[in-house]
Amino acid sequence: MNFDLNDMQSMLADSIEKYISNEYDFESRQKYAASKQGYSTKVWQTFAELGWTVVPFSEEDGGFDGGAIDLMVVMERFGRGLLVEPYLANIVLAGGILKRLASTQQKERWLYPVIAGEKQAALAHVEPQSRYDLANIRCTAEQRDDGWLLNGAKSYVLNARNANVLVVAARTSAGTSSEQGISLFVIDPASTGIAITDYATVDGHQAGDISLLNVSAPKDALLGEPGNGFAALDATIDDAILAVCAEAVGIMQVLTDKTVEYSKSRVQFGVPIGSFQALQHRMVDMLTGVEQARSLLMWATMVNANGSEDAKRAVSSIKYMVGTTGRKIGEEAVQIHGGMGVTWELDVAHYFKRLITIGQIFGNSDWHLDKLADCGPARSR
Amino acid sequence: MDISFTDQELAFRDEVRTFFAEEIPSALRAKLERGIEIGKQDQVDYQKLLFRQGYFAPNWPKEYGGPGWTTIQKYIYASEMAAAEAPQIIPFGVNMVGPVIYSFGSEEQKKRFLPDILESNVWWCQGYSEPGSGSDLASLKTRADLEGDHYLINGTKTWTTLGQYADWIFVLARTNTEVARRQEGISFILIDMSTAGISVKPIITLDGAHEVNEVHFENVRVPLENLVGDEGKGWTYGKVLLQHERTNLTGVAHSKVRLARLRKQAGEAIRGAEPLRSDRNFMRRLGAIDVELKALEITDLRTLAAVASGKAPGPESSILKIKGTEVAQMIDALEMEAAGYYALPYVPAQYQVNFDDAARIGYKNETLTSLRYFNNRKASIYGGSNEIQKNIVAKHVLGL
């Protein structure tokens with residue numbers, strides 16, 4: 001029974017923390033977010049050089065052989081630093097599909113350059129009508145003699161703007177909502193028939209909507225077996241949920257710390273506002289929320305790392321808690337910062353927006369609570 | 001990071017689990033299952049059973065008769081006891097006054113009191129709170145005036161749990177009123193409940209139960225030898241005692257049993273009704289409480305792991321009482337939802353030993369649901385209300 005990081009994990013945590021505190025202040029972050037790419041190429045190169053992009057990949061793939069716990073360590077620190085670099089899109093989402101399904105040749109062409117920081121990748125799985133249902137895919141891929149023909153529309157494709165590796169979920173058979181018949185493809189987003197409408201998102205990140213009109217893809221664009229892609233998609237999104245929840249816990253910690261600090265220095269009516277009991281109790285609730293979320297994150301990450309039967313339930317549990325408790329903490333942080341809390345100038349507002357965004361993606365709290373309502377009996381001991 | 005127990009810990013868990021599964025007398029088990037309150041004799045017999053097994057005083061050092069368990073073993077033991085729905089022990093002797101006596105008492109006091117606490121020969125109760133003192137314990141007014149070779153005790157203690165059964169009471173009383181801080185001048189005194197001048201008056205709680213009492217002291221003569229430690233240091237000793245009270249204060253194991261029971265019950269067609277499982281709102285509420293409870297369980301384990309490895313627990317430990325009582329009260333409310341109309345009949349008589357179960361109203365102990373709900377409102381009030389807990393966290397953890 002222990003909740004400590006091992007030596008490797010501690011070193012990883014230290015190196016990220018040191019980098020953020022020395023090189024990645026809030027002003028830089030805002031500058032990168034507002035840039036054409038929406039992140040800093042230089043920073044991304046540094047990630048690759050320092051070995052952070054290899055964390056969730058096997059040694060065979062040139063990786064760190066890290067598990068869910070290592071990814072949690074990375075993402076929590078990224079949350080604290082409010083980083084905008086497309087780690088989720090490249091490493092967890094597109095990288096998650098590629099590491100699970102790609103052949104050696106496919107990995108060499110598509111995955112390894114991404115891990116090395118030479119190429120940018122994106123995963124297109126959300127559709128305009130799908131909401132949070134991963135199996136709700138209308139985009140089609142028809143088999144032709146020389147390969148595949150893709151048609152359909154994709155929404156909220158993170159890092160679409162920069163991608164030169166595009167992983168697409170499409171239906172090769174069966175109806176619209178079946179888990180059967182879903183296949184994954186990796187294609188060049190510069191292919192004829194692909195139109196990307198990219199946009200900034202409220203949290204300072206960037207995404208895009210993609211239309212695919214008679215897009216021809218070669219035979220070897222298919223990842224894995226045709227029609228059997230759902231399991232890899234589902235597992236990748238579970239990884240992504242754990243990753244963004246770790247990021248959220250980092251953000252919740254920062255918001256709580258900043259709010260408590262602010263309440264000690266902000267004077268109203270001749271006293272620091274932190275002396276008001278009405279605010280003290282609310283900040284204690286924030287602390288309680290952070291600690292509860294951190295506990296649940298640790299549990300969810302551990303049971304997923306060791307493949308326990310509680311894994312699915314754990315993913316929905318932490319996502320539900322981050323969606324509800326995270327929202328509460330974000331709103332309280334803004335409220336207690338008063339007028340300053342609603343300004344663009346203050347970092348708190350941007351942490352808040354990222355936290356709300358995390359609550360909104362990969363299934364919101366209602367979606368996951370509904371899954372929990374369907375879960376079988378809890379293992380009581 | 002690793003949340004698993006070691007093989008030795010698992011073996012210990014199995015041993016404790018087997019004990020609770022096999023050794024609780026069937027007559028006692030039957031009462032518990034029928035929702036019948038167990039009386040003084042049942043409680044004492046049960047505690048003696050634990051003593052014979054070496055399970056009664058997990059927190060005591062070996063030299064005073066404790067089992068020498070690790071922090072993790074104590075946790076496993078408390079969890080298994082709750083999971084087996086075995087009766088809780090009455091903490092006032094073994095978990096409260098006992099540790100104060102072996103930490104601060106004289107050799108004479110240790111010899112005189114500790115064996116009877118271990119063997120449950122003497123029933124202790126707690127004399128801390130007073131009418132009007134609420135969560136502000138240091139405002140206590142009970143006086144212990146020195147008169148020759150004894151103290152003269154005058155005052156009133158309240159919320160004295162099961163004081164109607166008690167042989168002895170430990171009391172915080174003022175031995176000096178000329179002090180700079182209210183916390184000074186308070187002494188820790190042991191009093192025989194049969195002493196002349198003591199009267200016990202029941203307080204009936206909103207569920208109709210007689211669980212707590214008011215205890216009046218009128219010119220009660222207590223020998224000086226019953227003072228524990230130094231005069232005027234009672235507040236400090238009392239705080240040590242409260243640390244022992246912190247053991248298993250989240251009630252996670254008990255809450256887990258209750259949620260599991262609700263989940264099982266949700267699949268049953270009680271009285272021919274549609275099973276609650278098809279009520280999405282109910283199942284979502286159940287799921288949401290499960291999330292909080294799982295988080296709390298891990299928060300509890302994080303605290304435990306810190307203590308077990310010799311570190312001071314972090315800020316997570318401060319939220320255990322608040323969150324533990326909140327979750328328990330959420331379950332109380334959800335049980336009310338499940339029982340519906342059948343939470344409402346007020347029929348305490350049917351939980352008497354000789355009542356014919358065939359004549360009962362409600363499914364099993366269903367009509368106890370509301371009584372439990374009402375009774376357990378106390379949980380967020382006693383031991384320093386949750387608001388006081390938040391004040392403490394604000395001051396000592398957040399530095400506000």
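1. A polar contact is a pair of N or O atoms within 3.5 Å; within protein, one atom must be able to donate a hydrogen and the other to accept it, and residues adjacent in sequence count only if both atoms are side-chain atoms. On that criterion, 19 residue pairs, both members at pLDDT 80 or more, are in polar contact between chain B and chain A. The model under discussion is predicted, and the values below should be read accordingly.

2. The extent of the interface can be stated in two ways. Three residues, B:Met1, B:Arg302 and B:Leu400, supply 20% of the area that chain B buries against chain A, more than any other three residues.

3. Seven salt bridges are found across the interface of chain B and chain A. One salt bridge joins the side chains of B:Arg302 and A:Glu291, with an N to O distance of 2.7 Å. B:Arg302 is also one of the three residues named above for their share of the area that chain B buries against chain A.

4. Turning to the organisation of chain B, its assigned domains are domain 1 (7-89), domain 2 (123-231) and domain 3 (249-396). Between domain 1 of chain B and domain 2 of chain B, the C-alpha centres are 30 Å apart.

5. Most residues other than glycine have a negative phi. B:Glu85, which is not a glycine, has a positive phi of about 55°. B:Glu85 is placed in the loop between α4 and α5 (91-104) of chain B, and this residue is partly exposed, with a relative accessible area of 35%.

6. The second case is B:Trp159, a residue other than glycine whose phi is positive, near 55°. B:Trp159 lies in the loop between β3 (150-157) and β4 (168-174) of chain B.

How values were computed. Residues numbered from 1 in each chain as written. Chains lettered and ligands numbered in written order. Predicted model: local features only at pLDDT ≥ 70, side-chain atom pairs only at ≥ 80, totals over all residues. Heavy atoms only, no water. Buried area = accessible area lost by both parts, 1.4 Å probe. Salt bridge = Lys/Arg side-chain N within 4 Å of Asp/Glu carboxyl O. Domains from an automatic or database assignment. Helix = DSSP H or I, 4+ residues; strand = E, 2+ residues; numbered from the N terminus. Buried < 20%, exposed > 50% of the residue type's maximum accessible area, 1.4 Å probe, protein only.
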